Amino acid sequence: MKILIAGGAGFIGSTIASACIDEGIEPIILDNLVTGRREFTAGRTFYEGDIADGSLIDQIFAQHPDIYAVVDCAALIVVPESVAEPLRYYTENVAKGILFLGHLVRNDCRRLIFSSSASIYAAGSDFAVDENSPLDPLSPYSRTKALFETVLRDISFTGALGIVSLRYFNPVGADPKMRSGLQVRRPTHALGKMIEAREFGETFQITGVDWPTRDGSGIRDYIHVWDLAHAHIQTLRRFDTLFPTNPQSYYQVINRLFPIQSALIRS
């Protein structure tokens, strides 16, 4: 099996690519390296460029006509940055994503896995969410995810694409062989800030001390990025079983809110 991973030089995309290699799946990497890292593409088929570049997408499918599916991990993801630069986020995460969909449909791509976010849910009175929670994204970043899912749903109903959207919180860690991980100069995520504080002898700042928890600090849900990568692989392997009557006629949302323990995919 051969798959195209958009954003395959980033934290999540590169880890999915590593898991694919371990499982005998050949990843084709597409990344513009705005946030991705070139070293994460070493030894892998790599195309440097943008998902909105139709000529490049056509070239990839011409050279790899046996691509089975596409995994879309191409997005900007920093919440504070999205608040400061919403136009950039809507351009990169929505406008370019729509162009990408057109390029995929033109090349007769039939299967798409979208790497979404559980941040699009509205928290309940106990601050928990599940698959049945209403949607209420609270940041420009999360609104781009919710908006793009709306686009995906509408396109899927035309039969042009079979689509699975994976929603999850806060991936952390690295693959067991340490081929890739989250590497940024100034981390904004909790684990990175904690490591940075330890490395430079700084104080680790806790946001909020009056939450209804034992010590007043907030609780966040995390998923190990290796578990997340294997969730994508299980989705790839079971993709057609998620659409038993017509693989291109329905839109599926697979919600992963907590670390995977048993069944990875709910069909």
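A residue counts as buried when its relative accessible area is under 20%. Keep that in mind for the views below, which come from a predicted model.

**View 1. Helix α1 and its buried residues.** Let's start with α1, which covers residues 11–22. The buried residues here are F11, I12, G13, S14, T15, I16, A17, S18, A19 and C20. With ten of its twelve residues buried, α1 is largely enclosed by the rest of the structure.

**View 2. What covers α1.** Look around the helix for its neighbours. Among the elements covering the buried residues of α1 are the strands β1 (2–6), β2 (26–31), β4 (67–72), β5 (111–115) and β7 (171–172). Helix α7 (225–237) is also part of the cover.

**View 3. The span of α1 and what follows it.** At 1.5 Å a residue, twelve residues should span 16 Å, and the end C-alpha atoms of α1 are 17 Å apart, which agrees. After α1 comes G24, which has a positive phi, near 80°.

**View 4. Helices α4 and α5 packed together.** Here α4 (residues 86–106) meets α5 (residues 140–156) at an angle of about 20°, and their axes are 9 Å apart. Angles under 35 degrees count as roughly parallel, and α4 and α5 are therefore roughly parallel to each other. Their crossing is right-handed.

**View 5. The residues between α4 and α5.** On the α4 side, find P86, Y89, Y90, N93, V94, G97, I98 and L101. Facing them from α5 are P140, Y141, R143, T144, L147, F148, V151, L152 and I155. This contact is made up of 13 nonpolar residues, three polar and one charged.

Methods. Residues numbered from 1 in each chain as written. Predicted model: local features only at pLDDT ≥ 70, side-chain atom pairs only at ≥ 80, totals over all residues. Heavy atoms only, no water. Axes fitted to C-alpha atoms, helices over the stretch in contact; angles between N-to-C directions. Helix = DSSP H or I, 4+ residues; strand = E, 2+ residues; numbered from the N terminus. Parallel < 35°, antiparallel > 145°, perpendicular 65-115°, else oblique. Left-handed = near helix turned anticlockwise from the far one by under 90°. Contact = heavy atoms within 4.5 Å. Nonpolar A, V, L, I, M, F, W, Y, C, P; charged D, E, K, R; others polar. Expected span 1.5 Å × (residues − 1). Buried < 20%, exposed > 50% of the residue type's maximum accessible area, 1.4 Å probe, protein only.
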